[in-house]
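Please open the model in your viewer and keep the selection tool at hand.

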Amino acid sequence: MANMFDYLTWRGDLTLSQSPFQDVDSLILSTLAYVFFDGIVPESREETITIAQASELYFARPQTAWRSRVEQDLELLAYLAESERFSKMELCGYVNRLDFAAEKQFSALTIQTGDDMAFVAYRGTDSSSVGWKEDFNMSFMDTVPAQQDAGIYLCQAAEHFGGKLRVGGHSKGGNLAVFAAAMCPKDVQERIVAVYNHDGPGFREGMLQREGYRAILPRVQTFVPRSSVIGMLLEHEEEYTVIQSSQKGIMQHDPYSWKIIGKDFVRLEALSEESRLLDKTVKAWLNGLPEEQREKFVDTVYEGISILPMDEFGEIQISPKGALQALRAWGDEDVETKKLIGDSLKLLIQAARKTVEEYTLPKLGNWERRNENEK
């Protein structure tokens, strides 16, 4: 079934004046934020470059200088450059920051879409080790550095563009989009038409009670695949739309697997049972871990990951040898740390067992009742 590339083939010749902005367009622009536009798209908002121009400059570089999260990101850039719908959209305000000391990975891009609006797109987690660590930190920190940067970025974008705003992102980028929209001043919030969260994690409980979050909630549009894992993490208040995917399990997080028909996603009625079970298990496990134990567990896991070889961009290079090194590092931890890891994993097993029991026992009762009725 069709994905966003097919959408661009079918509808890429239609400008926004001919066919207004669609939910699929928000996924496309959110995914565009994964392209490494360093040295191409200006950080300043006073200067802009069209998507077509950015693509030309990007692919004029030696192929050894091309850098992407996945190959499809560069394919997407090439498609957009040939599309009447997207090619003339203007890019600016590109930032890409990695700070190992602050455990921060943040990147964002502003797109002037040509319909008198700007789309602020936040990048999700890249392959850098610090990006993964910041994701882990969300489990025990109320605010992580990338979220703070996201809020500042949106305020600056709003100051420069006087019109209406759309905000969005995929994965962690979706979380950043919601956070920024919730934390910006009221006058900026009033200019936000929609916030698009494409399978991004939620927040700790305290965030859900904030006035800004409650105010922006009606404009948050969350999309998750049927077997969502990442998008179900932590707490959510908003309604979500379930999308059909061509992948299985956690691989459904891939935006290129999301199915599209015509100008819209293929929408489903509910999440899979596996997704609901996993969500309940992880939430029960995290709620059962004391705050200090949760932080120590995350730090220990990261210490093992951080010894894996990395390239000049800080991106993890996964190999069997590296995985063995990580396992050895965890094995070398002191007795107290080993006990903490063991206790944490025991809690995870207990949470999983309880979830399975709560799920299977009612089904078993229904099965027994059906058998009794048949006798």
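Begin by selecting Arg-11, which lies in helix α1, residues 4–11; helices here are DSSP runs of H or I with at least four residues, strands are runs of E with at least two, and both are numbered from the N terminus. This is a predicted model, in which local features need pLDDT of at least 70 and side-chain atom pairs count only at pLDDT 80 or more, whereas totals for chains, interfaces and linings use all residues. Residues are numbered from 1 along each chain as its sequence is written, and side-chain values use heavy atoms, with hydrogens and water left out.

Arg-11 is buried yet has no salt bridge, and the nearest side chain of opposite charge, Asp-25, is 7.1 Å away. Buried means under 20% relative accessible area, exposed over 50%, and partly exposed in between, with a 1.4 Å probe and protein chains only; a salt bridge is a side-chain nitrogen of Lys or Arg within 4 Å of a carboxyl oxygen of Asp or Glu. For charge, Lys and Arg count as positive and Asp and Glu as negative, while His and the chain ends are not counted. If residues up to four places away in sequence are set aside, Arg-11 touches Ser-19, Arg-85, Gly-262 and Lys-263, a contact being heavy atoms within 4.5 Å.

Next, select Asp-23 and Arg-267, whose side chains meet in a salt bridge at 2.8 Å, N to O. This pair links distant parts of the chain, with Asp-23 in helix α2 (residues 23–32) and Arg-267 in strand β11 (residues 267–268), 244 residues apart. Asp-23 counts as buried at 17% relative accessibility, whereas Arg-267, at 38%, counts as partly exposed.

Move on to Asp-73, which forms a salt bridge with Arg-69, the closest N and O atoms being 2.9 Å apart. Here Asp-73 is buried, at 0% relative accessibility, and Arg-69 is partly exposed, at 23%.

Then select Asp-142 and Arg-204, joined by a salt bridge with the closest N and O atoms 2.9 Å apart. Asp-142 lies in the loop between α5 (129–137) and α6 (145–160), and Arg-204 in the loop between β6 (192–198) and α9 (205–208), so the pair ties together parts that are 62 residues apart in sequence.

Finally, show the whole protein, which holds 11 salt bridges and has 14 helices and 11 strands.
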